[in-house]
Amino acid sequence: MFSEKELLETAAQYGLKRFALTDINNTSAALNFIRLAPSYHIKPIVGIDFRNGIKQHYVGLAKNNKGYLALNNFLSKHIHHNTPFPDEAPVFENAFIVYPFEQALLIDKQTFLPHEYIGIRLSDLRKVNYSKLSSYQDKMVLLHTVSFRNQRDFNTHRLLRAVDKNVLLSKLPLSEQADPTQTFVHPKALKAALEHFPILIYNTEKLMETCEIHFDFSEKRPPQNLKTYTGTQQGDMEMLNQLCTEGLRYRYPNITEEIENRVEKELGLIRQMNFMSFFLTNWDIVDYAKRMGYYHVGRGSGANSIIAYLLGITDVDPIDLDLYFERFMNLYRKSPPDFDIDFSWRDRQDVTRYIFDRFSGEHGRVALLGTYNTFKHKGAVRELGKVFGLPKHEMDILSSGKFDFRKLEKLPQLVIRYTEFIKGMPNLLSVHSAGIVISEKPIHYFTATNLPPKGFPTTHFDMISAEDVGLYKYDILGQRGLGKIKDAIQIVEKNYPEAPKIDIHDVKPFMEDPKINRMVSQAECIGCFYVESPAMRMLLKKLEVDNYLGLVAASSIIRPGVSQSGMMKEYILRHKNPERRNRAHPVMMQLMEDTYGVMVYQEDVIKVAHHFAGLSLGESDVLRRAMSGKYRSREEFQKVKDKFFNNCKERGYEDRLTNEVWLQIESFAGYAFAKGHSASYAVESYQSLFLKTYYPLEFMVAVLNNGGGFYRAETYIHETRRLGGIIHGPCVNTSLYETTIKGKNIYLGFQHLQGLDSKLAYRITKERLLNGSYKSVDDLVNRIPIGIENLDILIRINAFRFTGMDKRTLLWKGHFKTNRQIKRTAQRPLFDFDIKEFDLPEFSITSLENAFDEIELLGFPLSDPFLLLEKALPSSLLAIDMKDRLNQNMVLYGYLVTIKNTKTKKGTRMYFGTFLDQAGEWIDTVHFPPVAKAFPFRGRGIYRLEGQVMEEFGFLTLEVKKMHRLNYIEDPRFALNAS
């Protein structure tokens with residue numbers, strides 16, 4: 001019920017010199033326990049408490065690291081296969097097994113091997129001499145479980161057990177609760193209790209003295225990742241040199257002295273720090289992806305490396321961008337460079353599988369990295385509220401935080417008290433979003449593993465513990481942007497078979513293309529990776545970005561830290577007004593000339609700390625990591641911070657300047673990107689922009705097929721129309737599951753239909769491709785097993801429009817056909833039978849009815865939403881007219897696209913809105929707190945917007961004063977006079 005740190009603190013208070021940590025079927029705290037124990041002058045012993053459910057079978061204690069490995073192997077095997085632990089443990093050569101006294105009696109264990117013992121609890125003492133195990137006193141050791149420090153810990157345990165069992169606290173059986181006496185007992189009291197059993201003390205101390213486990217947590221610890229790729233360090237270096245030689249020919253037609261020097265410098269440091277295998281492993285992963293036709297983006301601080309560029313891990317040229325080498329790697333940084341490798345969301349799983357197949361070996365050297373989801377206020381309130389039996393409305397109030405604690409009744413007060421206590425405690429073990437560890441030793445040397453639904457072993461510890469012991473992760477991520485690029489290229493190659501093959505990794509021509517750069521400057525980036533959001537569209541227009549370097553800067557400036565520190569505005573001012581650049585301190589301007597002396601990238605922290613404040617590179621990197629929340633010790637951070645201020649004072653800087661620079665570091669470092677990371681994002685943006693510029697419709701189809709991006713599918717369909725595409729709704733004879741394109745005709749796929757069975761959609765297309773188009777509703781029903789619910793969706797979305805029949809007639813036929821349908825088999829009938837036709841009245845379907853069906857089934861109308869208004873709009877101004885009405889009030893009508901919630905410095909709520917006008921052009925709005933409160937958004941639809949036109953750096957917004965949503969017409973499908 002408390003952390004390993006708190007456990008050690010309490011043990012030290014009791015004067016204990018040796019202590020064993022044996023979590024139940026878990027090893028998550030073991031490494032940190034071993035790391036921390038020496039600072040409390042305690043010898044750490046680790047093991048596992050093996051239990052089936054709540055039943056304790058035996059406790060394993062590791063004699064040494066080999067024993068810890070064996071215990072982890074045993075635990076992991078049973079976790080992976082979901083099999084119960086046997087009554088008797090297997091033979092362990094390097095681990096002790098302690099059977100609880102009662103369990104040994106229960107299984108009638110009468111033979112004990114040298115490594116096996118009987119665990120005697122204090123409550124067992126009166127039974128020992130009268131049991132059939134009394135003759136095994138030389139095998140008896142003290143087994144005293146410590147689960148709680150005090151009554152509050154025990155109460156919390158009961159609450160969490162009730163949460164786990166999903167029962168009211170009052171209904172929690174005693175059998176599901178631990179013994180409340182499982183607390184620390186003072187050594188004197190313990191010796192007094194064992195006065196007549198000195199053999200127990202002797203045996204226990206002897207056993208504990210035998211246990212010795214060690215992991216290197218020192219600052220100079222060697223990495224525990226794969227030591228060599230080829231089998232020898234010399235072989236690794238030769239292979240790396242060969243790959244670099246090949247990469248130089250591909251990347252640089254003209255190899256300059258600067259390039260050669262940079263390669264030589266990096267290779268020297270990689271050799272010196274023995275990171276060859278780390279680079280080669282990343283190269284191997286990327287090489288597999290290329291062989292499979294998967295696209296990737298390499299980012300993170302590793303993108304600052306020319307070796308990564310030559311190996312094809314990244315597509316960022318560090319020479320062009322003057323990327324700061326020391327952010328990537330320096331002698332003071334003991335961890336390998338950070339590579340984040342993105343793959344398409346469809347390809348990531350296979351790449352992960354390849355990594356496990358390629359590097360696991362027979363002993364299992366690969367695992368996904370675990371992470372712990374902790375209790376947050378709202379979740380904890382709801383879980384505890386349920387076990388206390390609180391009604392939902394009370395839990396809502398407690399979750400909101402809007403209550404006076406003193407006025408609460410007793411149970412709600414208890415919920416809040418224990419919420420505060422468990423907040424931050426581990427709730428459940430999850431899987432890190434990207435991290436994979438590849439170890440030289442078996443993974444179970446360090447931890448046991450779970451086997452979550454993804455099917456890959458996952459560590460019990462998190463990233464911090466992994467790095468503490470020298471295991472550094474490989475980040476393998478999935479994103480939809482690369483799926484868009486891959487799919488777009490495949491569509492282009494299919495539609496333009498004679499066109500030259502696209503080398504999407506040769507990005508330099510894209511960056512120099514005036515058409516693409518014109519798209520960037522005009523912020524025509526809808527669908528393009530990372531540059532399509534309203535905020536980025538605003539920034540690109542304000543900065544008038546028209547080149548790659550400008551986009552690299554924009555990609556980091558948009559991050560919360562830079563914008564919130566006020567440096568985004570300062571950067572724009574200095575970008576627009578060269579005279580303002582003189583305000584920068586000379587040292588800052590010299591360090592960050594390309595960003596006008598403004599801190600924009602993560603490595604700017606290192607530059608400023610090292611060159612401005614005189615910290616060492618190692619201290620500067622500690623500062624950077626601390627600002628990102630990645631530090632182990634607050635004491636270490638405080639020491640570096642104090643040195644920063646002391647050095648600045650010694651250098652004669654005014655306190656005002658020092659504080660201003662520190663504020664910049666403090667406010668943005670945790671959110672800003674490394675320059676290489678921003679550059680990698682900008683590369684992917686340019687790849688997307690190239691495809692949108694030259695193959696706009698193919699690209700937009702790929703966007704739709706990869707789940708869109710920042711916006712809903714409706715916005716991308718609007719953009720496709722704007723680019724000349726002709727949109728067709730789903731049709732059983734032309735649509736596939738995905739959206740397809742033929743010329744300028746875009747056929748929406750069945751994927752967009754809400755409620756349609758995806759397996760049925762695939763079956764409809766497969767049957768059509770095998771046996772020809774469908775002739776009618778009857779024909780489809782004869783060929784495909786389909787229920788009326790799915791048939792109803794297809795008819796109402798007009799997927800049978802080729803029949804020429806109205807939807808009401810088709811619905812009547814569909815209901816009649818499915819009601820008479822006999823049980824189907826997968827085999828088609830030998831003969832087609834004509835269905836008796838009935839004379840039906842003539843039905844009429846209006847375009848408005850179609851639009852409301854589309855809203856229900858697609859989530860949006862395929863027609864102009866302005867046509868659905870209850871009252872036609874008066875002649876009104878459009879977004880294009882805003883430029884002629886600066887600082888004037890005007891009324892606009894806009895179809896809501898997206899809203900951004902934010903808060904002022906005072907904590908009051910305000911909004912930024914994005915709309916489309918009648919002409920399909922953007923309207924950007926700002927809603928300050930008074931307006932946001934008086935005129936709230938009322939969901940999707942068309943709004944009347946009244947406000948003042950404001951301009952900042954050439955970007956126009958409407959500062960809304962009044963707003964209300966306009967009514968749509970009554971749904972004609974349910975109107976009283978509907979036919």
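Buried means under 20% relative accessible area, exposed over 50% and partly exposed in between, with a 1.4 Å probe and protein chains only. The views below show a predicted model, in which local features need pLDDT of at least 70, side-chain atom pairs count only at pLDDT 80 or more, and totals for chains, interfaces and linings use all residues. Residues are numbered from 1 along each chain as its sequence is written, and side-chain values use heavy atoms, leaving out hydrogens and water.

**View 1. Helix H32, residues 675–694.** Helices here are DSSP runs (H or I, at least four residues) and strands are too (E, at least two), numbered from the N terminus. Of the 20 residues of H32, 19 are buried, so the rest of the structure largely encloses this helix.

**View 2. Helices H16 (residues 377–388) and H17 (residues 392–400).** Their axes, lines fitted to C-alpha atoms over the stretch in contact, come within 9 Å and cross at roughly 150°. Angles run from 0 to 180 degrees between N-to-C directions; over 145 counts as roughly antiparallel, and H16 and H17 are therefore roughly antiparallel to each other. Contact (heavy atoms within 4.5 Å) involves residues including Val 381 and Arg 382 of H16 and Met 395 and Asp 396 of H17.

**View 3. Asn 82, in the loop between helix H3 (65–81) and strand S4 (95–100).** Most residues other than glycine have a negative phi. Here, though, phi of Asn 82 is positive, near 55°. With 70% relative accessibility, Asn 82 counts as exposed.

**View 4. Asn 166, in the loop between helix H6 (151–165) and helix H7 (187–193).** Phi of Asn 166 is also positive, near 60°. Asn 166 counts as exposed, at 62% relative accessibility.

Conventions. Expected span 1.5 Å × (residues − 1). Parallel < 35°, antiparallel > 145°, perpendicular 65-115°, else oblique.
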